[in-house]
Amino acid sequence: MLNQPTRVNDQIHYLQPHPVAPASPLRRLYRDLMRDEPSAQALDSADAYLREQLLATDALASDLPADIEDISDWIVHNTAVVGEQYRDYLQSRKEGGARRYFSSKSHALYFLKAVAPTKLVDGAWLYGLVPHWNDARFTALIRIYLEELGDGVPDKNHVLLFKRLLATHGCERWENLSEDHYVQGVLQLALARHAGNFLPEVIGFNLGYEQLPLHLLICAYELNELGIDPTYFTLHVTVDNADSGHARKALEGLVETMPRIGDRASFMERVARGYKLNMLGAGTNSVIDEFDIDREVIALFAEKSAVGKEAHSDYCRIGGRAINDWLSDPAQIPAFLDALVERDWIRRGQDPQNSRFWRLLQGERAEMFGVFSAYEQQVIYDWIADGWEGAQRRQISFRARQRLMDTLGQPTPTEWHGVRGVLRNPSQRSASEDQTDFNVELRTLEETLASLESRDEAMRLLTQLMSPASHHSPAGLMATRIYSRMLG
């Protein structure tokens with residue numbers, strides 16, 4: 001039963017729905033910084049928050065070498081350790097061990113939602129260097145930013161990849177997260193807007209972020225296993241490599257910006273503080289550990305109750321009470337779900353197809369078709385299955401399904417997006433295509449660039465369109481491609 005008590009420290013606790021979080025200060029700041037031109041107040045708040053969090057890092061230990069000469073060996077060593085740990089993980093899976101991170105597909109999708117504030121600003125911390133395209137010290141770091149943006153290719157743009165991943169599984173509604181989930185996103189956006197005052201911190205943060213972590217490898221493996229496209233994660237595995245990827249470029253950026261005259265030790269201390277910013281807020285492991293499917297199913301029913309409490313006829317009754325009555329108060333949701341189980345509407349621990357309630361969502365009649373998103377349906381499915389052995393059978397992985405679709409000659413989702421996402425050169429577009437409303441913005445960008453009198457003016461315009469708020473738009477993608485070519 002959902003409302004069965006649990007004992008913690010000799011006190012009885014009942015599962016209750018998550019309250020709907022109000023618009024917290026950090027969520028508002030995240031939203032305000034995700035604009036093409038944040039207000040002066042938002043920029044001041046970002047500066048203050050960044051300084052506050054940098055002070056907080058003083059209490060954290062760091063494994064980053066104090067001597068720049070030792071960092072290359074440190075990178076190689078960390079990569080070797082992660083590789084060994086990953087081999088151990090693969091061996092344990094080969095021997096029949098369970099997944100380490102995700103207990104179910106809904107668990108994995110919850111993770112994607114919970115890290116969305118961070119993933120949807122991927123690379124943002126380097127944006128403040130983009131205007132300095134003519135300063136060779138920043139070339140390696142700008143190159144990292146361009147690669148985070150996929151060099152303007154839609155299927156390689158990290159933010160677009162993650163947005164598509166969320167949309168594929170009905171996970172677009174992620175905003176109602178705690179403050180902790182927004183920490184990394186706000187930090188990255190604050191660094192983006194204040195690089196001029198925090199250059200060593202930007203470089204240190206980048207150095208830490210571009211190291212290959214074990215959780216990235218395991219996430220990619222288990223997402224694929226659960227039938228979820230791991231491309232966003234596997235792409236980071238390849239581009240962050242320690243030989244020629246972002247990990248190496250991050251070190252190059254540090255070497256190039258290290259002052260030749262002045263206090264190098266102080267510079268490295270600031271780099272170390274920026275490095276430790278990576279440790280703040282919700283991380284991969286904490287997000288994975290916080291998932292509780294009972295609490296999640298209660299939360300989604302409580303959210304639906306706000307719009308569903310007047311949508312049912314009086315003859316719809318469970319346990320002698322009208323559905324509208326049950327839904328009138330979110331606090332009643334645990335008892336309502338218990339009543340569905342007791343009245344045999346839901347048969348937990350069995351194939352969800354055996355439950356009348358599930359057949360209302362999926363089936364020939366499906367009277368509640370469209371009420372729950374794909375993510376919400378997955379949560380309900382896994383909650384009903386609750387250990388059912390059929391749910392534990394190995395399903396076809398995402399990669400295997402993709403190969404099968406290739407064999408059958410059907411375009412996979414990735415291939416379809418690739419075809420639709422290609423933005424051709426103006427010379428390749430037909431006259432009729434150029435006149436459509438879909439291309440007005442791109443055509444205007446081309447005309448505006450052609451009218452500018454200097455390279456500096458062109459680069460300023462391109463830089464504006466490559467902001468964290470815009471780079472994944474059609475105009476931003478085109479601007480990125482042009483900027484990349486002009487950078488040389």
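Author: Let's start with the wider fold: of the contacts in the protein chain (heavy atoms within 4.5 Å) between residues at least 6 apart in sequence, 72% join residues at least 24 apart. Keep in mind that this is a predicted model, where local features need pLDDT of at least 70, side-chain atom pairs count only at pLDDT 80 or more, and totals for chains, interfaces and linings use all residues. Residues are numbered from 1 along each chain as its sequence is written, and side-chain values use heavy atoms, with hydrogens and water left out.

The protein chain has 26 helices and 4 strands; these are DSSP runs numbered from the N terminus, with helices being H or I of at least four residues and strands E of at least two. Of its 488 residues, 49% are buried, that is, under 20% relative accessible area, with exposed over 50% and partly exposed in between (1.4 Å probe, protein chains only).

Now zoom in on the loop between helix H17 (333–342) and helix H18 (356–361), where you'll find Asp 344. Gln 350 sits in the loop between H17 and H18 too.

Take Asp 344 to begin with. Its phi is positive, about 70°, although it isn't a glycine. That's worth a glance because most residues other than glycine have a negative phi. Asp 344 counts as partly exposed because its relative accessible area is 35%.

Next up, Gln 350. Its relative accessible area is 31%, so Gln 350 is partly exposed. Leaving aside residues up to four places away in sequence, Gln 350 touches Ile 384, Ala 385 and Trp 388. Glu 389 belongs in this picture as well: Gln 350 and Glu 389 are 39 residues apart in sequence, yet 8.2 Å apart in space, C-alpha to C-alpha. On the local side, the side chains of Gln 350 and Asn 354 are joined by a polar contact of 3.3 Å. (A polar contact is a pair of N or O atoms within 3.5 Å; within protein, one must be able to donate a hydrogen and the other to accept it, and residues adjacent in sequence count only if both atoms are side-chain atoms.)

Asp 151 is partly exposed because its relative accessible area is 30%.
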